[in-house]
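Me: I would like a close look at a single part of this model, taken slowly and with the terms spelled out.
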Amino acid sequence: MTTKYAPIDAELYIKNRKKFGKRMQPNSIAIFNSNDIYPISADSTLPFAQHRDILYLSGIDQEETVLILFPDAKNPKHKEVLFVRETNEHIAIWEGEKLSKKQATAISGIETVYWLQDLPAILRTLMVEAENVYLNQNEHYRVETPMEVETREARFNKELQKTYPAHTYLRSNPILQRLRSIKDPIEIEQIQKACDITEKGFRNVLSFIKPGVWEYEIEAEFVYEFLKNRSKGFAYSPIIASGKNANVLHYIQNNQQCKDGDLILMDVAAEYANYSSDMSRTLPVNGKFSAKQREVYASVLRCKKEAEDRLVSGTNWYTFHKDMGEVYTAELLQLGLIDKADVQNQNPEWPAYKKYMMHGTSHHMGLDTHDYGILTDDFVEGMVFTIEPGFYLPSEGFGIRLEDNYVVQKEGKPFNLMQNIPIEIDEIESLMNV
């Protein structure tokens, strides 16, 4: 079974499992499930998207997969166990063959692989030995709880606790939050590839954008370039927002015509090997910024450069954002969008700058666009973040956001994974008017 992207060294998943196992309590078992394939209507389904946690620990990108980790198992072959769906003749004809046991081992580095139908019997053997069970659930700070859609993992956890009520149940997610927030060099390599594909898409649209094109046509140009370069497509729903649409932070309709004199804000990026990139650029539809547009763009770009100086080891998300609030305040004062009285009388819970910059400056990224990471933890080497300042001016009919992806270094400024994607005003205008 082949994938679109180049194979990833199984050593990554071996290391990830070792890191997780070291953080488990003695005589404990941890269980991870793949996602469901979600139905739409009739016989239609959404494209399968693997649960990022089982992907992080095994590399297996296939439905109906279960991973069990049991470092203290009495039988050495049961310290790591993978269950995969067995191919039958019908599946092979209609869907294509599923992973063989040998292929699952090659991808994951797990020697013990069973068919999924063997799970109940093997699980019972392991549960008799184990005292504690680590259950997995989504505890990301952005997730809404309770979730309206019950996941395969949630159903499994409910049934397991019903069948084995005497065990002590623990949480996997706090361990994964910390492990996944620090990227292995192999992971950073995949994110870099996603960023490089995004760059190809961006350079492709620079000469395409002109008055009269439609937002969805620009979206199509991006996805063409992404697919051509071994990406499965967009890392998230693309935002192609011209004119006043840019002031809607999550505008995804992408159905309006781009007009002469307008700016177009594009928050769009490729995935690669299930890793995300996340880019924002703002361009003049006619290839030339007006004086006002240029002034605000330059201000946002200065904010981005200031953020680069602050995204360093030893600080944390909250301190970083507090410091950036002061940067935004200074820039907005300089632009004349707020005055000293606005600052003196501001609500500390919603400072004056929030009128024009109302979202966060940064978030973790990796396997998820808004990836795992505990916000109170200090930034350390290997964490990957966005920097994405923006000013939104409904009265002017435009909004500007600029966003790149960065790897925190042991010392000094972060490394910009998107450093080759044009962002300076003169370069943008030059490339759009070739």
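In what order do the six strands of the open sheet stand, and what is the pairing?

Reply: The model is a predicted one, in which local features need pLDDT of at least 70 and side-chain atom pairs count only at pLDDT 80 or more, whereas totals for chains, interfaces and linings use all residues. Residues are numbered from 1 along each chain as its sequence is written, and side-chain values use heavy atoms, with hydrogens and water left out.

The six strands of the open sheet follow the order 6-5-4-1-7-8, with mixed pairing; strands here are DSSP runs of E with at least two residues, helices are runs of H or I with at least four, both numbered from the N terminus, and two strands pair if DSSP finds at least two bridges between them. Strand 6 (112–115) and strand 8 (168–171) stand at the edges with a single partner strand each, so one side of each is left without a neighbour in the sheet. On average, neighbouring strands of this sheet are turned by 25° against each other, direction ignored, the axes being lines fitted to C-alpha atoms, for helices over the stretch in contact, with angles running from 0 to 180 degrees between N-to-C directions.

Within the sheet, strand 4 (residues 66–69) pairs with strand 5 (residues 80–84) in the antiparallel sense over four bridges, and Leu69 stands opposite Glu80 in strand 5. Across strand 5 and strand 6 lies helix 4 (residues 101–108), which runs at about 140° to strand 6; contact means heavy atoms within 4.5 Å.
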